[in-house]
Amino acid sequence: MNPLDGNAMAGDLRELFTVDVTAARYTCAGCGHAEAVGALVLWGQDMGRVGRCPHCEDVVLRVVNAPDRVFLDLHGSVRLELPLAGS
Amino acid sequence: MGIISRGFGGRRRESVPGLPPGQYLTHDFPVLSAGPTPRIPLDRWSFTIATETGEKKSWNWAEFTALESADVTVDIHCVTKWSKLGTTWRGVSLDTLLADVETAADYTMVHSFGGYTTNVPMEDLLDGKAWIAYKFDGEDLEPEHGGPARMLIPHLYFWKSAKWVNGLSLMNDDEPGFWEAAGYHMYGDPWLEQRYQGD
Amino acid sequence: MARAALPGRLTWRAATLVGERWETPSARTLVLDVPDWPGHLPGQHVDVRLTAPDGYSAQRSYSIASAWADNATDKTVELTVQRLDDGEVSPYLTDTLEIGDQIELRGPVGGWFVWRPAQEKPVLLLAGGSGVVPLMAMIRARGAAKGKQPFRLIYSVRTPEDACYAQELSRRVRDDPGLDVHFVHTRVTPRKRIDVATINSYGWPADFTPDCYVCGPTTFVEAAADILVALGHDPKRIRTERFGGTS
């Protein structure tokens, strides 16, 4: 199985947030690397989406879609910096 | 439900009596991965049980494969809704691995190469319900399917059957593993359709 | 670009197929009418959802191929879909969907793998197979905006017959000043792969600090991005989009 990029989460995240989270910058809790969420290496499309830091492979965020709920786990990210202009 | 797409059937979904609720039959063996597939040389492989008091017991590959093994044929059920019937495995029963371990722990955390974890109650590992499998269908277990060795706990959803297993820590209290922390059910009984937290 | 007409969260909407054309024997462009489409940036994608009569649904992402101009009269959205024979969604979109049929669509999404006409740097586009689609949207947007940024596309494809947009690309190389296209054919003797020499010869020097966009299968994207970094390009200026194994 091959990974995708964080870009591929854009649709699911735009159903939750009014801004484009893939254009946000994350700071990795594991290695401190900061980059766009769209640049994460994305695994596990069937059970949920697992975004790993391209720098250290640690898990930065996870999105699990249940039929009636979405779980967004961000404990691998110490910070998200969200752009407010544009979309 | 959205617009019906004229002429769209999707993958063949075979509903068979006797499957857990919401499951379909598959004949292939889908691969799900939450990260890169680790390639573990057998001379670097080990499996370690750590008790709640910090005692450790380890096996290297030669010691592990010298243990009494069992051939089992079981049905497996993935939370992504496929089930596969009559799969054949060879592995070492957790009864064998835990036989000489002194513990009063009620819970365990399964650990894998690559960092994956999943939590399983102790009683679900005992009495012939769980194995560490190293052969599938008579062949060495391929890395994509969890080789050299994976957990096999067929009575729970298959994410509990951790691939690339390398350890088990015994715990007094239940804690979520990788998918459980991200919203999946702490226990995962397919017959009760315990897919997500709160199910 | 225009911001979404309705601020807030995105939902699925119905899109109607109003036109189609084959780009290659296995890649079909779908021209979709999407009421109240808010416009998009080149590089953005949409999610497509198909639903079977029993409620089963499948969702995939597809890059938008067309450029958007707020003042244009043509308000359609074009996707180019490569058929993957063992796929679940792509064969439906290439072979079953007919004019007048509706699919569900969510988008546009993705604000990272985009090119904005306000960007002034030279641009290097590296396409592997159907990874050319979002890069074509960038070339089209530059053409529509009469952009002066120098653009170079290196397009790796099996054979000349597998190249999407071949005629339009040669027309644009003639008519859009500052656009160059170089093909790498992986199944034509002598077989070529994207390599250091190719990117060195047909790309931009790292000194020019170009914005680099790489799109294609995972192996192509990783090889191409590694070469760019080895040639001294700043990883911050390299944006990638991997195409997955599902379809």
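**View 1. Strands β7 and β8 of chain C pair in the parallel sense.** In this predicted model, strand β7 (residues 123-128) and strand β8 (residues 151-157) of chain C are joined over six bridges, where strands are DSSP runs of E of at least two residues, numbered from the N terminus, and two strands pair if DSSP finds at least two bridges between them. Within this pair, C:L126 stands opposite C:I154 of β8(C). Residues are numbered from 1 along each chain as its sequence is written, and chains are lettered from A in the order in which they are written. Local features need pLDDT of at least 70, side-chain atom pairs count only at pLDDT 80 or more, and totals for chains, interfaces and linings use all residues.

**View 2. An open sheet of five strands in chain C has parallel pairing.** The strand order is β9-β8-β7-β10-β11. Because β9 (179-185) and β11 (238-243) of chain C stand at the edges with a single partner strand each, one side of each is left without a neighbour in the sheet. Neighbouring strands are turned by 10 degrees against each other on average, direction ignored, with axes being lines fitted to C-alpha atoms, for helices over the stretch in contact, and angles running from 0 to 180 degrees between N-to-C directions.

**View 3. Helix α2 (residues 132-144) of chain C packs on the sheet.** Helix α2 touches β7, β8, β9, β10 (211-217) and β11 of chain C, contact meaning that C-beta atoms, placed from the backbone, lie within 7 Å, and helices being DSSP runs of H or I of at least four residues. The direction of α2 makes about 155 degrees with that of β8(C).

How values were computed. Two residues are in contact if their C-beta atoms, placed from the backbone, lie within 7 Å.
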